[in-house]
Amino acid sequence: MSVSIEVKGIKELFDKLGSFDAINVLEDPMNRAVLRLESRMKVYPPTRPNQRYVRTGTLGRRFTHEVTRQSNGLIGKVGNNTVYAPFVVSKQFQRTLFRGRWQTDLDVLESEKDVILRDFEKAIAEAI
């Protein structure tokens with residue numbers, strides 16, 4: 001599943017600076033955004049009282065991020081290659097067992113969206 005955030009001022013930035021320089025302006029806030037999201041996704045909920053299952057921490061350790069430059073922009077990705085990750089932390093695939101206890105990708109994105117947008121918009125305003 002892919003989730004995106006629309007940042008205001010992108011067109012104006014590209015019109016003023018051209019693709020190469022505009023992408024350079026956006027790269028730092030994109031890196032901060034994926035790091036912020038990855039960090040938040042690694043957070044586990046509290047253990048349940050009398051929980052017998054011992055957490056290994058594998059799910060949290062396997063979150064990664066990537067920022068890819070393209071000729072017309074950037075793509076930031078946060079992912080996890082643990083086989084069961086979608087069933088625990090994906091809004092689309094989360095199993096009932098985890099609902100209400102484990103945050104989902106969309107929960108984290110929604111809670112961080114305003115900070116991420118402000119960071120991008122500040123970088124754009126400073127460049128324009």
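**Entry 1: Thr104.** I looked up the contacts of Thr104, leaving aside its neighbours within four places in sequence. I found Met41, Val89, Ser90, Lys91 and Gln94. Contact here means heavy atoms within 4.5 Å. Thr104 sits in the loop between H4 and H5. Helices (H or I, at least four residues) and strands (E, at least two) are DSSP runs, numbered from the N terminus. Is Thr104 buried or exposed? Its relative accessibility is 1%, so Thr104 counts as buried. The cut-offs are under 20% relative accessible area for buried, over 50% for exposed, and partly exposed in between (1.4 Å probe, protein chains only).

**Entry 2: what I am looking at.** This is a predicted model, in which local features need pLDDT of at least 70 and side-chain atom pairs count only at pLDDT 80 or more, while totals for chains, interfaces and linings use all residues. Residues are numbered from 1 along each chain as its sequence is written, and side-chain values use heavy atoms, with hydrogens and water left out.

**Entry 3: the whole chain.** I listed the secondary structure and got five helices and two strands. Along the sequence the pattern reads α-α-α-β-β-α-α. The C-alpha atoms fill a box of roughly 60 × 25 × 20 Å, taken along the principal axes. The chain has 128 residues, and 30% of them are buried. I also checked contacts with a separation of 6 or more. Of these, 62% join residues 24 or more positions apart.

**Entry 4: the largest nonpolar core.** A nonpolar core is a set of buried Ala, Val, Leu, Ile, Met, Phe, Trp, Tyr and Cys residues joined through side-chain atoms within 4.5 Å. The largest one holds 25 residues. Which members touch the most others? They are Leu26, Leu59, Val88, Val89, Trp102 and Phe120. Helices H1 (10-17), H2 (19-41), H4 (85-89) and H5 (105-127) each supply at least two residues of this core. H2 gives the most, with eight residues.

Leaving aside its neighbours within four places in sequence, Val88 is in contact with Leu59, Gln94, Phe98, Trp102 and Gln103.

**Entry 5: H2 against H5.** I looked up how H2 and H5 pack. Their axes are 9 Å apart, at an angle of about 160°. That makes H2 roughly antiparallel to H5. Axes are lines fitted to C-alpha atoms, for helices over the stretch in contact, and angles run from 0 to 180 degrees between N-to-C directions. Angles under 35 degrees count as roughly parallel, over 145 as roughly antiparallel, 65 to 115 as roughly perpendicular and the rest as oblique.

H2 passes H5 in a right-handed crossing. A crossing is right-handed if the near helix is turned clockwise from the far one by less than a right angle, and left-handed if anticlockwise. The H2 side of this contact includes Val25, Leu26, Pro29 and Met30. The H5 side includes Val108, Leu109, Val115 and Phe120. By class, the contact of H2 with H5 has 15 nonpolar, one polar and six charged residues. Ala, Val, Leu, Ile, Met, Phe, Trp, Tyr, Cys and Pro count as nonpolar, Asp, Glu, Lys and Arg as charged, and the others, Gly among them, as polar.

**Entry 6: H1 against H2.** The axes of H1 and H2 come within 7 Å and cross at roughly 130°. H1 and H2 are therefore oblique to each other. Their crossing is right-handed. From H1, the residues Ile10, Leu13, Phe14 and Leu17 take part. They meet Ser19, Asp21, Ala22, Ile23, Val25 and Leu26 in H2. This contact divides into eight nonpolar, one polar and one charged residues.

**Entry 7: Glu38 and His65.** Glu38 belongs to helix H2. Its relative accessibility is 7%, so Glu38 counts as buried. Leaving aside its neighbours within four places in sequence, Glu38 is in contact with Phe63, Thr64, His65 and Val78.

I followed that to His65, which is in strand E1 (residues 63-70). His65 is partly exposed, with a relative accessible area of 34%. Beyond four places in sequence, its contacts are Val34, Leu35, Glu38, Lys77 and Val78.

**Entry 8: Asn50.** Asn50 is not a glycine, yet it has a positive phi of about 65°. I found Asn50 in the loop between H2 and helix H3 (58-61). Asn50 is exposed, with a relative accessible area of 76%.
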